[in-house]
Amino acid sequence: RMKKFLALYRMDMGEMQKMMASTSAEERKKSMGEWQAWMKKNMASFADHGGPAGKTKRVAASGVTDIKNDIGGYSIIQAESYEAAAALFGDNPHLTMPGATVEVMEIMSMPGT
């Protein structure tokens, strides 16, 4: 039975801003093409392609605050094992950015569901 995994695309936001400021529209288009090719190649593994993450609000018992973090986006994938899930991201274009990582964690099923 396939398991589901949450993949968080993390990055240094300073590096991301530098990259956005120093790359041309042509280079960004090429990068998007690489992402689309990677997604298409791995399409069968995705339960939800996910997407980029926007601004963050932290909700606590004391209230809601605006915060910043290093999460750039997410995907939900299906794989037989942690190893297979992690291996899927070895050639992900996100990893070409300095300091970028992908964190993969199993989505556990709730008892009784």
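## A tour of the pockets and the core

By class, the lining of the second largest pocket holds 3 nonpolar, 1 polar and 4 charged residues; Ala, Val, Leu, Ile, Met, Phe, Trp, Tyr, Cys and Pro count as nonpolar, Asp, Glu, Lys and Arg as charged, and the others, Gly among them, as polar. The model is predicted: local features need pLDDT of at least 70 and side-chain atom pairs count only at pLDDT 80 or more, while totals for chains, interfaces and linings use all residues. Residues are numbered from 1 along each chain as its sequence is written, and side-chain values use heavy atoms, with hydrogens and water left out.

**Stop 1: the second largest pocket.** Select Arg1, Met2, Lys3, Lys4, Glu106, Ile107, Met108 and Ser109, which line this pocket. Its volume is about 150 Å³. On a 1 Å grid over the protein atoms alone, a pocket is an open set of points where a 1.4 Å probe fits, with protein on both sides within 12 Å along at least five of seven lines; lining residues have an atom within 4 Å of a point. Grid points are joined across faces, edges and corners, and a volume is the space filled by probe spheres set on the points.

**Stop 2: the largest pocket.** Go next to Met11, Met16, Pro52, Gly72 and Met97, which lie nearest the centre of the largest pocket among its 38 lining residues. The space in this pocket comes to about 1,200 Å³. Colour the lining by class to see 17 nonpolar, 15 polar and 6 charged residues. Then show helix H1 (13-22), H2, strand E2 (46-52), strand E4 (63-67) and E5, each of which supplies at least two lining residues. H2 gives the most, with 8. Helices (H or I, at least four residues) and strands (E, at least two) are DSSP runs, numbered from the N terminus.

**Stop 3: the core.** Select Phe5, Ala7, Tyr9, Trp38, Met39, Phe46, Ile77, Ala79, Ala85, Leu88, Phe89 and Val102: these 12 residues form the largest nonpolar core. Such a core is a set of buried Ala, Val, Leu, Ile, Met, Phe, Trp, Tyr and Cys residues joined through side-chain atoms within 4.5 Å, buried being under 20% relative accessible area with a 1.4 Å probe and protein chains only. Strand E1 (3-10), helix H2 (25-41) and strand E5 (71-79) each supply at least two of the core residues, and E1 gives the most, with 3.

Centre on Phe89. Beyond its neighbours within four places in sequence, Phe89 is in contact (heavy atoms within 4.5 Å) with Ala7, Tyr9, Trp38, Ile77, Leu95, Val102 and Val104.

**Stop 4: the whole chain.** Zoom out to 3 helices and 6 strands, in the order β-α-α-β-β-β-β-α-β.

Methods
Buried means under 20% relative accessible area, exposed over 50%, partly exposed in between (1.4 Å probe, protein chains only).
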